[in-house]
Each structure stands twice: as C-alpha cells, then as structure tokens.
There are 2 protein chains.
Amino acid sequence: MTTAHPAPRGTRPGGRTARTREAVLAAVFEELGDGGYPALSMEKIAQRSGVHLATLYRRWRCMEGLVCEALIDRSAAVPLPDTGTLPGDLRALAHAIGAFYGEPRMRGLIEAVVAAAARDPESATVLRSFFEDRLRTTGQMVDRAVARGELPADTDAAEVLAALGAPFYYRILIARRPVDRALAESAATAVWAAARAGAYTRARPADD
Amino acid sequence: MTTAHPAPRGTRPGGRTARTREAVLAAVFEELGDGGYPALSMEKIAQRSGVHLATLYRRWRCMEGLVCEALIDRSAAVPLPDTGTLPGDLRALAHAIGAFYGEPRMRGLIEAVVAAAARDPESATVLRSFFEDRLRTTGQMVDRAVARGELPADTDAAEVLAALGAPFYYRILIARRPVDRALAESAATAVWAAARAGAYTRARPADD
C-alpha cells in the first residue's frame with residue numbers, strides 16, 4: 001500500500017498518532033457527507049476531529065494530501081473477488097466498485113482527490129502510484145483467467161482493470177449522474193466481451 | 001450548443017463582445033500551455049488577453065465559468081465521422097478524441113473543468129448539459145448502425161458513446177498517463193465488441 005505521508009519517526013502503530021489519523025480521516029468523511037467537497041476545509045476538519053489545525057498542517061501539509069490519504073485508506077476496504085471465472089470476478093468487482101461510489105461521500109472524495117491532483121503535483125504522484133498499485137493487485141484476477149485459458153496469454157491485466165473502472169469515473173466526474181447497479185452490470189459485460197475480442201492484448205492489431 | 005454564460009443583451013455576434021471572448025479563450029489556452037492548471041488565474045488571463053479583470057469577472061463570474069466555456073468552445077472542433085460502418089465510425093472518433101486530449105493544454109483544460117465542477121454547482125450543471133448534448137449528437141452514429149442492422153434495436157446510443165470516451169478520462173484524470181494511439185485503438189475495439197455483446201442495451205440481462 002502506498003502511503004501519502006509516512007508517520008513521523010518514533011511513533012508506534014496503534015498509538016496516539018494512529019488514533020489521530022483515524023479521527024482525522026473520519027472527520028473528512030463526515031464533512032464530505034454533510035457539505036460535499038465544496039464545503040471541505042482544514043478548519044472544519046480540525047474542529048470536527050478535535051485535532052489541532054497546526055497538527056493537520058504539519059502532518060498532511062495541505063488539504064490535497066489529506067484527501068489523497070483518505071481515498072487510499074477507504075479503497076483498501078474494497079474486496080478482491082475470486083469466484084473461479086473471470087466474468088464472475090469482473091461482475092463481483094464491478095458491483096463492489098459500484099457500491100463504493102454509490103455513497104455520496106465517496107463521490108465527494110474522488111472529486112476532491114482529482115481536484116487535488118490537478119492543483120498539486122505531489123498529490124498527482126501519490127494518486128498515480130496508488131492506482132498503479134490497485135491495478136497490479138486486482139490484475140491478479142486476469143492472470144488467473146489467462147492461466148485457466150479464458151483469455152489470450154498476451155492480455156494486459158492492468159488495461160482490463162482500468163477498463164472496468166473507467167465507466168464509474170466517467171459517470172461521476174464527467175456525466176455527473178448517479179452510479180447504479182445497471183452501470184456495474186454494463187461495465188462487467190463490456191470488459192469481458194472486449195477482453196475476449198482482444199481489445200486489451202499487448203500487441204493489438206492495427207485494423208478491425 | 002449549451003452556452004455557459006450568454007452574451008449580455010444588446011451585443012452583436014462578431015462585434016466587440018465576440019472579439020473579447022476570442023481573446024480571452026485564446027489566453028486561457030496559452031496559459032494552460034505555459035503553466036498548466038495549477039498556474040491558471042484570472043489575473044494572468046486578464047494580463048495576457050488585454051481584457052480588464054473587471055470585465056472577466058462581470059462576464060464569467062469566476063475561473064470555473066471561464067474554463068467550462070473554453071472546453072465547450074474547443075470541443076466543437078472534434079469532427080463527427082460517417083464512414084459507413086459503426087466500427088469505422090468508432091475508430092475515427094476515438095482517434096479524434098485521442099488527438100484532442102493528446103495536447104497537453106487540452107489535458108490541463110479537462111482537469112480544470114472537472115475541478116471547477118467539483119467546487120461550483122453552476123459549473124457542474126453546465127458540464128453535465130454539455131456532455132449530454134455531445135452524447136446526443138455523437139449518438140447519431142449508433143442510430144445509423146442500428147438502422148443498418150449492425151447492433152440490437154434497443155441499444156442505448158448515449159451509453160455506447162460514454163463507453164468510448166470513458167477510457168480517455170480515466171487515463172487523464174485517474175491513471176495520469178499519456179493519451180496515445182494505442183488507447184484510441186483499444187477503446188474503439190472494446191466498445192464495438194461490447195456493444196455487439198449487448199452491454200449497452202436498455203434491458204440488460206441480469207446474468208452473464
């Protein structure tokens with residue numbers, strides 16, 4: 001797991017620093033639930049978490065660092081399926097992503113993170129590494145599918161998983177409409193058909 | 001075409017107001033080319049365009065309104081293909097979108113627009129209407145394909161076009177890696193295979 005801002009030296013996991021972190025991340029989610037991203041501020045997070053504003057700035061540097069860490073923290077809770085078939089795994093993961101972003105404060109969080117990355121190069125780097133890690137981890141389901149003979153051997157696992165996630169980010173950030181179960185079904189069906197058609201093989205044919 | 005901020009009453013198209021608008025939008029692109037979104041400001045746009053800061057604020061209210069109008073203005077230049085087949089049309093449009101977002105200042109612009117929509121509800125509404133309009137217009141290629149018998153009659157044209165665009169926005173905003181020709185090929189191949197598999201029909205089956 002990529003960590004945006006490693007804990008200062010000399011602190012123990014589960015100690016005061018860990019409790020502070022939990023209180024702060026919880027406050028970020030509560031604030032996002034109340035007023036969404038436009039209303040989010042370091043001051044409000046300090047007030048709600050009971051953590052001094054100076055501590056927030058010392059540890060997370062800026063709001064951008066804080067929202068990136070919040071996304072990374074919560075994404076770890078999305079389970080990785082292993083149903084025995086790739087269409088089954090894709091469908092299970094699509095519904096898990098759909099449930100994750102079906103929550104308004106998770107929508108607020110991804111908006112906040114993308115806005116943070118646009119403004120702050122350090123946050124952009126953290127975000128890129130985090131999604132690369134996620135694609136590598138979830139890509140294991142594609143490697144298993146290749147081993148079972150479900151997909152061509154030269155399938156790019158990260159591209160398959162990027163394609164599964166893409167419709168959710170489009171729906172939230174661009175179309176700005178609700179994430180629903182139909183979107184998860186459509187994404188899973190689409191990626192399975194496209195992967196079988198060779199859309200994500202490393203050496204793609206130049207023509208249709 | 002959706003317009004973010006209609007021209008004030010009493011102004012003529014092609015007149016001074018139109019010239020001001022062109023100078024301002026050109027300055028937005030030049031600034032995005034120079035320093036990207038993090039460096040963009042109303043002050044710099046005023047300086048580069050030679051338009052008074054007060055005029056900028058009166059006409060566009062805020063930076064958010066300005067970047068939305070800039071995206072809408074430039075997107076109108078992406079041509080709508082009519083090659084005679086849906087795979088041909090999808091491929092041509094995917095490469096046009098790829099060329100559009102292959103330019104660093106266009107990446108900067110879409111980042112700016114998404115950040116604007118996250119902060120400002122009025123910009124979010126403008127962005128949503130704009131993309132709905134685009135999907136309706138580009139969706140004509142799917143309606144033609146259905147008429148030719150290439151796709152099921154209950155195919156949702158807007159969903160097909162959303163799926164074609166989604167990988168580009170994922171690449172720019174989430175993966176934060178370059179948009180290249182391979183992405184356009186992959187997107188076109190994927191959407192064609194998925195559409196034939198029924199991933200975008202209005203009444204999707206509940207199971208694979």
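Visitor: If buried means under 20% relative accessible area, exposed over 50% and partly exposed in between (1.4 Å probe, protein chains only), which residues of H10(B) are buried?

Guide: This is a predicted model, in which local features need pLDDT of at least 70, side-chain atom pairs count only at pLDDT 80 or more, and totals for chains, interfaces and linings use all residues. Residues are numbered from 1 along each chain as its sequence is written, chains are lettered from A and ligands numbered from 1 in the order in which they are written, and side-chain values use heavy atoms, with hydrogens and water left out. As for your question, the buried residues of H10(B) are B:Leu183, B:Ala184, B:Glu185, B:Ser186, B:Ala187, B:Ala188, B:Ala190, B:Val191, B:Trp192, B:Ala193, B:Ala194 and B:Ala195.

Visitor: That's quite a list! How many of its 16 residues does that make, and what is H10(B) anyway?

Guide: H10(B) is a helix that runs over residues 181-196 of chain B, where a helix is a DSSP run (H or I, at least four residues; strands are E, at least two) numbered from the N terminus. Of its 16 residues, 12 are buried, and the helix is therefore described as mostly covered.

Visitor: How far does it reach from end to end?

Guide: From its first C-alpha to its last, H10(B) reaches 23 Å, which is close to the 22 Å expected at 1.5 Å a residue. That expected span is 1.5 Å times one less than the number of residues in the helix.

Visitor: Why would residues three or four places apart in a helix point the same way?

Guide: An α-helix has 3.6 residues a turn, so residues at that spacing end up pointing the same way.

Visitor: OK, and what covers the buried residues of H10(B)?

Guide: The cover, taken through contact (heavy atoms within 4.5 Å), comes from both chains. It includes helix H10 (181-196) of chain A, and from chain B it includes helix H5 (86-102) and helix H9 (157-175).

Visitor: What follows the helix?

Guide: B:Gly198 follows H10(B), and the phi of this glycine is positive, near 85°.

Visitor: Which residues other than glycine have a positive phi?

Guide: A:Arg61 is one of them, with phi near 70°, and B:Arg61 in the other chain is another, also near 70°.

Visitor: Where do those two arginines sit?

Guide: A:Arg61 has its place in the loop between helix H3 (53-60) and helix H4 (63-75) of chain A. B:Arg61 is placed in the loop between H3 and helix H4 (63-75) of chain B.

Visitor: Are they buried, exposed or in between?

Guide: A:Arg61 has a relative accessible area of 35%, so it counts as partly exposed. B:Arg61 is likewise partly exposed, with a relative accessible area of 35%.

Visitor: Are A:Cys62 and B:Cys68 buried or exposed?

Guide: A:Cys62 counts as buried at 14% relative accessibility, and B:Cys68 is buried with a relative accessible area of 3%.

Visitor: One last thing, where is A:Leu151, and is it buried or exposed?

Guide: A:Leu151 lies in the loop between helix H8 (140-147) and H9 of chain A, and although it belongs to a loop, it is buried, with a relative accessible area of 6%.

Visitor: What does it touch?

Guide: Leaving aside residues up to four places away in sequence, A:Leu151 touches A:Leu86, A:Val142, A:Ala145, A:Val146, A:Trp192, A:Ala195 and A:Arg196.
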